[in-house]
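Dear colleague,

Please find below the structure for your attention.

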Amino acid sequence: MTYLETAAQFYSEAAQTPQVGLCCVQSSPLQLPGLKIPRQMQEMNYGCGTTVHPNELANQPTVLYVGVGGGLEALQFAYFCRRPGAVIAIEPVSAMREAAQRNLELASLENPWFDPSFVEIHPGDAFNLPVDDASVDVVAQNCLFNIFEPADLSRALTEAYRVLKAGGRLQMSDPITTRPIPLTLQQDERLRAMCLSGAISYEEYTQLIINAGFGQIEIRARRPYRLLDKTTYYLAEHILLESLDSVAFKVAIPEDGACIFTGKTAIYTGSESFFDDGAGHILERGVPAAVCDKTAAKLAAFKPEEIIVTNSTWHYHGGGCC
Ligand SMILES: C[S@@+](CC[C@H](N)C(=O)[O-])C[C@H]1O[C@@H](n2cnc3c(N)ncnc32)[C@H](O)[C@@H]1O
C-alpha cells in the first residue's frame with residue numbers, strides 16, 4: 001500500500017465510524033447567521049483552522065473543494081454561493097462521499113436557504129481535478145495537503161493553479177511544523193494521515209506555493225495547534241505544530257519575487273507629509289500601511305531612521321500599498 005492508499009483507508013474508516021477529534025483538534029466551526037450545522041456534520045469536522053473567509057465570498061463564486069470530509073466547509077461555502085453546482089467537492093473515498101451527501105441532506109432539513117444541489121460531490125483526487133483549466137474562482141482544502149509528501153504537495157498545488165481562473169484564490173488551512181519532524185515519524189503513514197507527521201516548515205510551505213506559480217500569498221491566521229511531545233513520540237525535544245490559514249492568488253509573480261503578506265506595516269516618521277519610494281509605495285506620515293514582507297524589508301533597509309516596520313501579526317485581511 002502507498003501512503004496515499006493508507007490515508008484513503010483511514011478516511012474510509014473515519015467516514016463509517018466518525019470519531020470526534022480523530023484528525024485535528026476539534027475547533028468550533030465558523031457560525032453564520034441563519035446557518036445550522038447538523039450534529040453529525042460537526043462531529044466529522046476533520047479540519048484545522050478555516051478556509052472560509054466571509055468578507056471575500058461576494059458575487060457567488062464557483063468553489064472547488066478538495067477532500068470534502070463530512071461536508072462542513074462545503075456547506076459554509078454554499079452559504080455564500082447559493083446556486084446549483086456552485087460548490088464542486090472532490091473526494092476519492094466513496095464512504096466519505098456518501099457520508100458528506102447524507103450530512104448535506106440533513107443540513108437541507110435544518111436550513112431553509114440550502115438545497116443539496118448547491119454542492120456537487122464528485123469522485124476524484126487532488127492530483128487530477130475533474131474540471132477544466134481556468135474554470136473556478138476558489139480552490140479550497142483544509143488539512144489535506146499536509147498529508148502529502150513534498151513532491152505530491154507540489155503536484156496538488158500545480159493542479160489547483162491549473163483549474164483557477166486568473167486572479168483566483170487557493171484557500172488553505174494546514175498544520176506546519178516549527179522544527180523538522182524526524183523521518184521515522186514522517187514515514188508513519190497513519191500519523192501522516194492523522195495530520196500529525198507530514199507537516200513541513202512555514203518557509204517550505206510558502207515556497208512550494210510560489211513554485212506552483214502563485215504570485216501573492218496572504219496569511220490569515222497562524223497559531224499553535226498541536227504538540228508532538230517528546231515522551232509520546234520518543235523525541236529529543238517537543239515539536240510544536242502550528243496551523244496556518246492562507247490565501248494564495250493566481251497572479252503573476254513580480255520580477256523581484258512573490259508578495260507574502262503576514263500583517264506587517266510600514267510607518268513613515270520623517271519630516272514630509274508622505275514618503276514615496278518611487279516603486280508604488282506611498283506612506284502617509286504616521287499612518288501604518290500594510291506591506292508584504294519583501295517590501296517591508298526593502299523599506300526598512302532604505303530608510304531605517306525614518307521608517308518603522310511592525311512585526312508580522314499573522315492575521316492579514318487585505319489592504320495596503322502594494
Ligand atoms: C483531514 S480530512 C479533512 C476533511 C475536511 N476538509 C474537513 O475540514 O473536515 C481529509 C479529507 O481528504 C480526503 N482525501 C484523502 N486523500 C485525498 C486525495 N488524494 N485527494 C483528495 N482528497 C483526499 C479524505 O478522504 C478526507 O475526506
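In this model, α1 (3-16) and α3 (72-81) each contribute at least two residues to the shell around the ligand; helices are DSSP runs of H or I of at least four residues and strands are runs of E of at least two, numbered from the N terminus. The model is predicted: local features need pLDDT of at least 70, and side-chain atom pairs count only at pLDDT 80 or more, whereas totals for chains, interfaces and linings use all residues. Residues are numbered from 1 along each chain as its sequence is written.

The largest share of the shell, 4 residues, comes from α1. In total, 26 residues surround the ligand, the closest being Tyr11, Gly47, Gly67, Gly69 and Asp125; a residue is near a molecule if its C-beta atom, placed from the backbone, lies within 6 Å of it.

Helix α4 (residues 94-110) has 17 residues. Its buried residues are Met96, Ala99, Ala100, Asn103, Leu104 and Ala107 (buried: 20 or more other C-beta atoms within 10 Å of the residue's own; exposed: 12 or fewer; partly exposed in between; C-beta atoms placed from the backbone). Seen down the axis of α4, these buried residues fall within an arc of 135°, so they line one face of the helix; the arc is that of the directions from the helix axis to the C-beta atoms. Ser94, Glu105 and Leu109 are exposed on the other side of α4.

Overall, the protein has 10 helices and 13 strands, and 44% of its 322 residues count as buried.

Yours sincerely

Technical notes
Expected span 1.5 Å × (residues − 1).
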